[in-house]
Amino acid sequence: MTEENKLPSGHTRIDSLEMRGITKRFPGVLASDNVNFDVKSGEVHALLGENGAGKSTLMKILYGMYEPSEGEIFLNGKKITIDTPTDAINHGIGMIHQHFMLVETLTVAENVALGLPSSRGFLTDLDKVSARILELADIYGLEIDPEAYIWQLSVGQQQRVEIIKALYRGAALLILDEPTAVLTPQEVDEFFVIMRQMVADGHGLIFISHKLHEIMNICDRVTILRDGAKVGTRNIADITKSELANWMVGREVSMTRELEEIERGPSRLSIENLSCDNERELPAVKNVSLNIYSGEILGLAGISGNGQRELAESITGLREITGGKVLLEDEDITNARPGEVTKRMLSYIPEERMRDGMIKDFSIAENMVLREHHIPPFAEKGFLKLKKIASHSDELIKKFRVKTPSRETKAGTLSGGNIQKVVLAREISRNPRVLIAAQPTRGLDVGATEYVHEQLLEQRRDGTAIMMISEDLDEVMALSDRIAVICEGEIMGIVERADATPQKLGLMMAGESGE
Amino acid sequence: MRLKFDSVIDALLPVFATFAALGVGAIMLMALQVSPVEAYSALWEGAFGSKNAIAETLVKATPLLLVGLGICIAFRANVINIGAEGQMIIGGLMATQVGLVFTDLPGWVVIIMAIFAGFLGGAIWGGIPGALKAYFGVNEILSTVMMNAIAVQIMNFMLRGPMMDPAQLEKASKIPQTARLAEAFRLPRLVPTRLHLGFVFAIALAVLVYVLLWRTTLGYRIRAVGQNPHASRYGGIRVRRRIVTALLLSGAFAGIAGAIQVYGVNYRMITDGSSTGFTGGAGFNGIVAALFGQLHPIGTIPASIFFGALLVGANKMQRVVQIPAALITALNGLVVIFVVSSELWRRRRQKQRLLVDEGGEPPPSESPKTEKGASASEEVMA
């Protein structure tokens, strides 16, 4: 081994890593479809795609968490197998997970040493570990105190601990799973400095992100995945941001659909200068103003993670609004409780329907009345009207063609499409004034998707004001009367159906103003 | 057809598990050079061998059942109440005070008031940790255990001071106990044994708790909060309030257990300085009974009787075959471990059956990332 293929950390460089023909099948799902992917020393390779496009699956295979159904991995031209994360680490592959794997009550040095053999047998060798951490920190410009406790550190600093942990274990190649999602803009800048240093030193980095400007800023190459398959790989130098946006979303719009002419009614929901924060108390939605009219579908397009979920939750009372107002016709529902919002006939199909939309261990019948379990006809004087609930759910199961042995079946045992039908049935059957549907067809097969679309159009015909949040541009363009585009918590503009092109929307999704 | 057979097996699993536990217990008995047959027949004899034995078993089962009902409510809301001992004590103290103050009222009025006082005392003692959990994020396991310690000291203070039997005050012995309740205030006995009306009352409450949990909006909410707080919030349920309600009701049932213990068995409160001196450990054993009854109020009825029998029968067994009392505790523990393990087994069987029914395909939504909905019983045993 010569000095040239050593990294400053002392570990061996990975000159190239190649994944060839990777296929991963889950029961009924093709999560990864014959994907080729490679990273070289000294480059940042971005992996881009919608949720469920297969990015995580591919990376979990590389890190030894999943076994591929087919395909091979080559390290510096030699075929290797990776069965466990330990194998991956031994080959010099490290992964920084989106959710940190740190023990809060331990120090930095203790976290780094965790799970590794000590040079002193049963006794810890934390002094040695600390010295090595400081050495690594010096080489890579990672300022960190090995004696500090994790809970004392900011999220940005915790991320550095994760990087040090990987470097300490000899990582030459790092998988960064949405590393910037949890960082403030300042922390992102600092993080990019670290990334550049590592690349200059000969590390290879795989960067997963939804944010196009970050990819343009930091990456050398980008690979786009869609539905588990690779769309292509390009050099960042050869592509502009708008081209990248178009490429990501610019498939042939396959589902051109003539929307029935409906006279637009009065404004049902008006959102005025609404702002709210995300879980980390960083601004997620900034001064958003929208009007949704009776009998229209307003599509809210955007790459996921740009404030859509927070916007929907703040309208429906699940998230605190920090500024602005929400009016349902002329009633102010700003920061009203979810129960109040429900009572005013605003329906919501949440994005994470398994977590937010239903109770897995409750029967279908019980889930059908989740929002109205306390009001007539399903309850009177504090008692549930079980017969009424039963007949109501039988009716909905039939009408919405939910495939289930009976109404008493636990909802969690249904398939994804049938679960969405239950949620849809519950929310739509109330004849709501306003319907907010977040990613209503994500993860559904073609048949179920078509069914959901028909139901949304049926609601539109009935005069419901609908906001449909989706990152699927085909869907947005096929169903919406108007399309608003959100990027980093701000509305980039609203486009009329007739004026919408994938190119135009793609640009706006990338952060360019629509005007 | 197969389904029916499977569900029969499922229902019998705890019974099999119990036999398995007794089997391991038999090995322990043999190690002590005691005949297991002799020991177990003594146990059976002690628990069900005579009218008196059966009555004793049911008397022992009564506080287990009442506490267990409260545990069903709390655990269904995914709140772990380890504070039934303290809640029983406070309920018992308040109920006793009613009987000592309102000596002029008719018996049935005082009994009703006393049960209500027990309810109130337990509710306060459960509601405090409930509010601490809901609004300040205080772990309810810790706070309910701590509240037990506080309750014991309050009991010791009250029985040595303000509530002490005036007769004891005059005597030199100064036994820390209250005066005896008037004869009219005692819960009527059902047959000429120690079995009192409290047992029937507890059975009626079990039915009531069943109705509460599955037939009322409050019960729906409590169960929803326990299963999925996110979806509950979305469904308009005020999660924090329901957590408080669940612990408050849970404590209230333990409080009633305390009141019944005073009015049906002891007719006064007396302390040996510990909580078990008053409760007989029902505050903890009630948890076991509820888990054994699969956190179902109706299932908790036979479960309580079973543990009542084990406790009563063990006394006899100890006398007959001369074994250390510690072995009884060990036997109790064995039963719990086996039954709780069989519950996990049953769940796995259920899941497998589902997979078979769906043609071997797990629901596609069940991604590896999906958070596991650990049930209360799994969590408390972990």
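Among contacts in chain A between residues at least 6 apart in sequence, 68% join residues at least 24 apart, two residues being in contact if their C-beta atoms, placed from the backbone, lie within 7 Å. The structure is a predicted model, in which local features need pLDDT of at least 70 and side-chain atom pairs count only at pLDDT 80 or more, while totals for chains, interfaces and linings use all residues. Residues are numbered from 1 along each chain as its sequence is written, and chains are lettered from A and ligands numbered from 1 in the order in which they are written.

**View 1. Overall form of chain A.** Chain A has 17 helices and 22 strands; helices (H or I, at least four residues) and strands (E, at least two) are DSSP runs, numbered from the N terminus. The C-alpha trace spans about 75 × 50 × 45 Å along the principal axes of chain A. Of the 515 residues of chain A, 48% count as buried. A residue is buried if 20 or more other C-beta atoms lie within 10 Å of its own, exposed if 12 or fewer, and partly exposed in between, with C-beta atoms placed from the backbone.

**View 2. Strand E9 of chain A and its two partners.** Five of the six residues of strand E9 (residues 221-226) of chain A are buried, so E9(A) is largely enclosed by the rest of the structure. Strand E3 (residues 44-48) of chain A pairs with E9(A) in the parallel sense over four bridges; two strands pair if DSSP finds at least two bridges between them. Within this pairing, A:Thr223 of E9(A) stands opposite A:Leu47. Strand E10 (residues 229-235) of chain A pairs with E9(A) in the antiparallel sense, over six bridges. A:Arg226 has A:Ala229 of E10(A) as its bridge partner. The hairpin of E9(A) and E10(A) has two residues between the strands, and A:Asp227 takes a positive phi near 50° there.

View 3. Strand E14 (residues 321-328) of chain A and E15(A) run antiparallel and are joined by two bridges. A:Glu331 in E15(A) is the bridge partner of A:Leu328.

View 4. Chain A is assigned domain 1 (15-92 + 172-178 + 194-248), domain 2 (102-170) and domain 3 (267-345 + 431-509), with bounds from an automatic or database domain assignment. The C-alpha centres of domain 1 and domain 2 of chain A lie 27 Å apart. Six residues from domain 1 of chain A and seven residues from domain 2 of chain A make the contact. Helix H6 (residues 185-200) of chain A supplies the largest share of the domain 1 side, three residues. That side of domain 1 of chain A has four nonpolar, two polar and no charged residues. Ala, Val, Leu, Ile, Met, Phe, Trp, Tyr, Cys and Pro count as nonpolar, Asp, Glu, Lys and Arg as charged, and the others, Gly among them, as polar.

**View 5. Interface of chains A and B.** In this interface, 31 residues of chain A are in contact with 22 residues of chain B. On the chain A side, helix H10 (338-343), helix H11 (353-357), strand E18 (383-384) and helix H14 (416-428) each supply at least two residues. H11(A) gives the largest share of that side, four residues. The side of chain A that touches chain B divides into 16 nonpolar, 10 polar and five charged residues.

**View 6. Chain B and the loop residue B:Gln33.** Chain B comprises 16 helices and zero strands, and 47% of its 382 residues are buried. B:Gln33 is found in the loop between helix H1 (2-31) and helix H2 (36-48) of chain B. B:Gln33 is exposed, with 8 other C-beta atoms within 10 Å.
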